[in-house]
Amino acid sequence: MQNNNQMDRNILLFFLFSIVIFVIFGFLRPVQNAKKGKGKSESESKKVVKKITEKKKRSLNTINREKNLKMEKKEGEVKAASEENIEDVLNLAEGENLPSKSELIETNLFKATLNNKGGKIISLKLKNYKIDNGDFFELIPPNFKDTPYFFLRFIVPENEKLEKFLNSVVYKISVKKKNGETRVKFEYEKGSLKVFKELIFKKDSYWIDFKGEVKIGDKRVESYISTTPGLTKDQLFPRSRYDSPPTAFYYDGDVERVKNEEMKTKVAQDVYRGSFSWCGVETKYFAAIFLSKEDFKKIFVGHYKLSIAVEKENKDLFLPYVAVPVDGGFRLFMGPKSYKLLEDYGNNLERLVDFGFFSFIAKPIYYSLIFTHNYVNNWGFCILIISFIITLALFPLRIKQLKSMKDLQKIQPKIKAIQAKYKGAKSVEEKQRMQAELAKIYKETGTSPLATFGGCLPMILQIPVFFAFYKLLYNTVELWRQPFIFWIKDLSTYDPTYIIPILMGLSMIVQMRQTPNQMQDKNTKMMSYIMPIALTVIFLNLSSGVLLYYFSSNVFSSAFQKIYEKISGIETNPTSNKSKKVKKSKK
């Protein structure tokens, strides 16, 4: 998800840069002899670096990555079978030629196809999510179903030959249905070798319970169960800078993601030791999660290099997979990264959904959207309703600024007179007298030169809300492939017609022209056009849902201001009125 993080930084930096420009032209310009603020001291910076370094050291102590796959043997742990026993068993199994067989398992949420060659899931479709052709959304990449990297493959660290055998042998498969559950069991027995995998599908759950074991005689063989590399059929590679490739993750008190860039330089398969509640592979909207009954003490994180044709070019994809111990069993989640759904399941699973730094704002907005959708069956209109409520809630602050601007307009003649009086002043004493006279007027009238900064305040206040909305809508699976009206067919992706970003830019220009500004010089006027144009270009490929919020927020804010002007009789845009008077005089 590095592309998304880069985009977050770019937007935030642009907003901060824009605010700095507005401050320079709207506030600092009329205030003379302003002192430059001081940045963080060098000692403070060192403290921050030291804190980060200590955190990394603690993390490395918690998770000791080992690149050799040697099994630690301790008293009381299960001992692996000897090489001689394994070789004898494999020799007995040679020449077997059992028929391959597939079983279709269907619940209210899944449509899964399992095959007894290797004991694997070759297809798992989500019935509540559909693609453009109307078919159910495929969660397991089809690229690996006939390779050794299928879903539910065994990993046997100490014996590659046994691992290969377990993943190629044909198992006996049985299916039993009872009390809303479907049990699928893969079994193989030859000589002293006994192997089984059992999966329990429940009628209305995204969870699959798993049990398994590999034994030779009375001794269990250390073994692991792995996901397939990557996840989903259509999201193996990012189609734009706003998409994210499949990513491996684990949870040990905090969600840690294994960066895809690191995989290019790492060994094909790493061991992670620690205490992991859950782990797995995710895409932007979906996840395969292994949930331990007791914390996993050791997991594998690896990658598979897949060459694939993308837009007539061959690209190398480094697709992650995760493997967990077979012993003890586990639960497997295969489904959408819905915040509400994962929160209901407990175990801090909702933390897999990244709402960003402003999550404390995003979460109430998320639940407001969910609540609204119970009554309004269109996510686009839900966004408009929440946008209306947020804009209305912030508008009292805007009213306060408008009143301050009006009061400042009344004393402008006196301020200009004082500025004209000291126009040619060069000495420090004269400049100080001018500042003292200006301060006296501000004090007597109860106004402040900070009112010239008021045009920026609504934008500043909206930055946390905008970022919260941006992260919320970007990561919310509920909006995935959801249409709004007319040309907007998918609120989770960009508008291919670019109508919404253009409308957003125009609404910003209108709002800025509505904003009173006492410094109507060329620079400030230019900024009122440069910023909307720049933001429009940056946001061209942003999701339609985010842009719909921003556009509607600007429209509602402008409308509220017009209504307030009519009700209160306060003139908030003297420059536009002046231009109207000029036009009338010409007539």
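Buried, in this talk, means under 20% relative accessible area. By that cut-off cysteine 382 is buried, because its relative accessibility is 0%. Cysteine 279 is buried as well, with a relative accessible area of 0%. The model you see is a predicted one, and the count of disulfides in it comes to zero.

Now the chain as a whole. There are 587 residues, and 47% of them count as buried. The chain has 15 helices and 17 strands. If you take the contacts with a separation of 6 or more, 68% of them are between residues 24 or more positions apart.

Next, helix packing. Two packed helices are described by the angle between their axes and by the distance between those axes. I have two pairs to show.

The crossing of H12 and H14 is left-handed. On the H12 side, the residues in the contact include Ile500, Pro501, Leu503, Met504 and Met508. On the H14 side, they include Leu547, Leu548, Tyr550 and Phe551. The residues of this contact between H12 and H14 divide into 10 nonpolar, eight polar and one charged.

Where is serine 557? Serine 557 sits in helix H14, and with a relative accessible area of 9% it is therefore buried. Leaving out residues up to four places away in sequence, serine 557 touches Thr391, Phe395 and Gln511. Gln511 is one of the H12 residues in the contact with H14.

The second pair is H9, residues 412-421, and H10, residues 428-445. Here the axes come within 10 Å and cross at roughly 170°. Over 145 degrees counts as roughly antiparallel, so that is the description for H9 and H10. From H9, the contact has Lys414, Ile415, Ile418, Gln419 and Lys421. From H10, it has Met434, Glu437, Leu438, Ile441 and Tyr442. Those residues of the H9 and H10 contact divide into six nonpolar, one polar and three charged.

On to the loops. Take the loop between H11, residues 457-475, and H12, where arginine 481 is found. Tryptophan 480 is in the loop between H11 and H12 too. Is tryptophan 480 buried or exposed? It is buried, because its relative accessible area is 8%. Arginine 481 has a relative accessible area of 29% and is therefore partly exposed.

Last, backbone angles. Most residues other than glycine have a negative phi. Which value does phi take in arginine 481? Phi of arginine 481 is near 60°, a positive value in a residue other than glycine. Asparagine 179 is another case, with phi near 50°, also positive. Asparagine 179 is located in the loop between strand E6, residues 172-178, and strand E7, residues 181-190. Its relative accessibility is 72%, so asparagine 179 counts as exposed.

Key
Residues are numbered from 1 along each chain as its sequence is written. This is a predicted model: local features need pLDDT of at least 70, side-chain atom pairs count only at pLDDT 80 or more; totals for chains, interfaces and linings use all residues. Side-chain values use heavy atoms; hydrogens and water are left out. A crossing is left-handed if the near helix is turned anticlockwise from the far one by less than a right angle, and right-handed if clockwise. Helices (H or I, at least four residues) and strands (E, at least two) are DSSP runs, numbered from the N terminus. Contact means heavy atoms within 4.5 Å. Ala, Val, Leu, Ile, Met, Phe, Trp, Tyr, Cys and Pro count as nonpolar, Asp, Glu, Lys and Arg as charged, and the others, Gly among them, as polar. A disulfide is a pair of cysteine sulfur atoms within 2.5 Å. Buried means under 20% relative accessible area, exposed over 50%, partly exposed in between (1.4 Å probe, protein chains only). Axes are lines fitted to C-alpha atoms, for helices over the stretch in contact, and angles run from 0 to 180 degrees between N-to-C directions. Angles under 35 degrees count as roughly parallel, over 145 as roughly antiparallel, 65 to 115 as roughly perpendicular and the rest as oblique.
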